[in-house]
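Please look over the structure shown below before reading on. The notes that follow are arranged by topic, for use beside the sequence.

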Amino acid sequence: MSEMIRIGQGFDAHRFCEASDDRPLVIGGVVIPHDRGLLAHSDGDVAIHALCDALLGAAGLPDIGHFFPDTDQRYKGVDSTELLAKVVAELEEAGWQIENVDLTIIAQAPKISPWITDMKKSLADLLRVSSMAVGVKATTSEGMGFTGRAEGIATLAVALLTRN
Ligand code: CDP
Ligand code: ZN
């Protein structure tokens with residue numbers, strides 16, 4: 001049988017909470033020192049959410065909200081690495097192999113680059129691929145739009161899957 005190759009894309013955005021809310025900022029499974037975390041039903045890991053949707057999209061499966069509804073109390077405050085692990089298990093069950101993924105984190109602040117090596121390692125472990133198969137970049141939006149005003153953080157992701 002010939003090899004199937006499938007691409008998927010994902011996007012997510014979350015608003016910053018108030019500094020007084022005292023939520024940690026978690027991106028790509030890494031806790032980043034910052035005065036504000038992201039508001040969400042889960043831990044608000046915007047990078048993992050975009051990545052889950054890219055993976056699910058490539059497999060032609062429904063999105064993250066279908067698998068983990070934000071109305072479900074089981075997922076309140078959930079560590080998003082658990083959601084990604086479940087998505088990876090779902091793909092494996094369907095016979096898909098992850099070839100590579102690539103993420104762009106759009107944030108005016110904080111500075112993401114010091115944490116990129118840790119994020120790649122954390123994501124590669126969860127995806128069970130080499131760090132070389134995980135791209136993570138960060139950019140500002142040059143002060144424009146909601147990310148530019150530091151109202152929140154957005155992430156774009158793509159994923160490539162194969163199946164024999
Ligand atoms: O237009 P360009 O993306 O080059 O410029 P920028 O948005 O000012 O970002 C410059 C560099 O800062 C990026 O290449 C990232 O390596 C880094 N960066 C970061 O570490 N954390 C952010 N929140 C935004 C940018
Ligand atoms: Zn999200």
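**Briefing on the predicted model**

Leaving aside residues up to four places away in sequence, D43 touches R23, V26, L38, H49, G77, V78, D79 and S80, where contact means heavy atoms within 4.5 Å. This is a predicted model, in which local features need pLDDT of at least 70 and side-chain atom pairs count only at pLDDT 80 or more, whereas totals for chains, interfaces and linings use all residues. Residues are numbered from 1 along each chain as its sequence is written, chains are lettered from A and ligands numbered from 1 in the order in which they are written, and side-chain values use heavy atoms, with hydrogens and water left out.

- D43 lies in the loop between β3 and α1; helices (H or I, at least four residues) and strands (E, at least two) are DSSP runs, numbered from the N terminus.
- D43 is buried because its relative accessible area is 13%, the classes being buried under 20%, exposed over 50% and partly exposed in between (1.4 Å probe, protein chains only).
- D12 counts as buried because its relative accessibility is 16%, and H49 counts as buried because its relative accessibility is 9%.

**The sheet**

- Four strands form an open sheet in the order β1-β6-β4-β5, with mixed pairing; two strands pair if DSSP finds at least two bridges between them.
- The edge strands, each pairing on one side only, are β1 (4-15) and β5 (134-139), and the twist from one strand to the next averages 10 degrees.
- Helix α1 (residues 46-58) packs on this sheet, where it touches β1, β4 and β6, and its direction makes about 150 degrees with that of β1; axes are lines fitted to C-alpha atoms, for helices over the stretch in contact, and angles run from 0 to 180 degrees between N-to-C directions.
- Twelve bridges join β1 and β6 in the antiparallel sense, and R6 has L161 as its bridge partner in β6.
- Strands β4 (residues 97-106) and β6 (residues 152-163) run antiparallel and are joined by nine bridges; in β6, N100 has L160 as its bridge partner, and V101 has A159.

- In α4, the buried residues are I116, M119, S122, L123, A124, L126 and L127, and they pack against β2, β3, α1, α3, β4 and β5.
- Just after α4, R128 takes a positive phi of about 55 degrees.
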